[in-house]
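Please open the structure in your viewer and keep the selection panel at hand. The tour below goes from one selection to the next and says what is there.

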Amino acid sequence: MTRNRRAKAATREYQTATGTSYTAARRAVTGADSAPARRHAFAWIPPSAGTSITLEDAAAVAMKWAEQQAMGGLPAMLVTDLKGEYAHAAPFTRYAGRHITPRSSRLTVEPGAVIAHNPTYTALELAMTTAREIPLAVVGLLPAPWWLDGWAAAVGAVDLLTGEVTALDPRLDEPLQSILFYGNNGYARGWGRDGAQRALDEIRDVELLDHDMIVSALAGLGMPARHQDVISQMINKIVPRGTGRDRRRNPHVRHPSIRTLAAGA
């Protein structure tokens with residue numbers, strides 16, 4: 001039996017014995033929960049809000065939440081893909097000196113919270129890394145290059161406009177964790193890529209293989225940006241063009257793999 005199969009068997013056994021989700025059981029079996037729990041909150045403004053709020057107003061809402069949630073009285077930090085695109089626009093101007101990008105990521109102050117404004121997947125990775133133990137708010141009104149519904153569901157982000165929290169379909173827990181597991185070698189051809197391919201096939205078989213949802217969910221689970229690009233290309237070979245990767249798709253229609261939880265859940 002391979003290491004992954006042993007881990008899966010132990011995970012299922014733990015899940016049956018404790019009644020926890022597969023993800024929680026996997027973390028317990030692999031030791032991911034051995035560190036003490038820390039306060040960590042996620043919030044976002046989803047693409048469905050795009051018809052009722054401007055980019056600037058969405059940023060202001062996210063900034064207000066982050067500043068209220070900031071830990072230890074420390075200032076909030078802004079993350080975008082490029083500095084120039086927001087350099088002279090309110091409310092971004094007040095983040096001068098507290099604004100980082102993938103190309104300019106040196107922190108000049110210690111942040112107490114992070115705001116990621118319409119991040120690309122590299123900017124989102126930077127935001128996730130910077131906010132490892134502090135609150136993170138994401139404005140996701142536009143695909144850059146993909147929608148972030150899966151990310152929000154994977155991390156349990158609260159919608160700052162409605163108070164709703166989304167969660168992934170439990171059927172995705174095991175295959176998503178398997179994809180992460182097989183990324184140890186960067187999904188090189190052979191063992192790593194074959195294992196990831198089998199997991200993607202599992203997701204396709206239950207009709208939940210949406211490109212943006214899966215890739216952004218993996219981002220929420222900690223997948224590096226360079227690996228997201230590989231999985232993106234793999235999904236594009238499985239899912240017909242225009243299905244789950246179509247920039248013209250209606251962002252207000254929730255994917256069936258995402259469940260809405262009651263506000264405050």
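**A charge over a ring**

Begin by selecting Arg98 and Tyr95: Arg98 lies over the face of Tyr95, 4.3 Å from the ring centre, where a charge counts as sitting over a ring if NZ of Lys or CZ of Arg is within 6 Å of the ring centre and within 35 degrees of the ring normal. Keep in mind that this is a predicted model, in which local features need pLDDT of at least 70 and side-chain atom pairs count only at pLDDT 80 or more, while totals for chains, interfaces and linings use all residues. Residues are numbered from 1 along each chain as its sequence is written, and side-chain values use heavy atoms, with hydrogens and water left out.

**Aromatic pairs**

A search of the whole structure gives five aromatic pairs, a pair being two rings of Phe, Tyr or Trp (its six-membered ring) with centres within 6.5 Å, called stacked if the planes are under 30 degrees apart, edge-to-face if over 60 and tilted otherwise. Select Phe181 and Trp191, whose ring centres are 5.8 Å apart and whose planes meet at 70 degrees, so the pair is edge-to-face. This pair links distant parts of the chain, with Phe181 in helix 6 (residues 173–181) and Trp191 in helix 7 (residues 191–205), ten residues apart; helices (H or I, at least four residues) and strands (E, at least two) are DSSP runs numbered from the N terminus. Phe181 is buried at a relative accessible area of 15%, whereas Trp191 is partly exposed at 44%, given that buried means under 20%, exposed over 50% and partly exposed in between (1.4 Å probe, protein chains only).

**Salt bridges**

The count of salt bridges is four, each being a side-chain nitrogen of Lys or Arg within 4 Å of a carboxyl oxygen of Asp or Glu. Select Arg94 and Glu67, which form a salt bridge with their closest N and O atoms 2.8 Å apart. Arg94 lies in the loop between strand 2 (76–79) and strand 3 (99–100) and Glu67 in helix 3 (residues 55–69), so the pair ties together parts that are 27 residues apart in sequence.

Move on to Asp169 and Arg171, a salt bridge with the closest N and O atoms 2.9 Å apart; here Asp169 is buried at 10% relative accessibility, while Arg171 is partly exposed at 47%.

Finally, select Asp205 and Arg204, whose side chains meet in a salt bridge at 3.6 Å, N to O.
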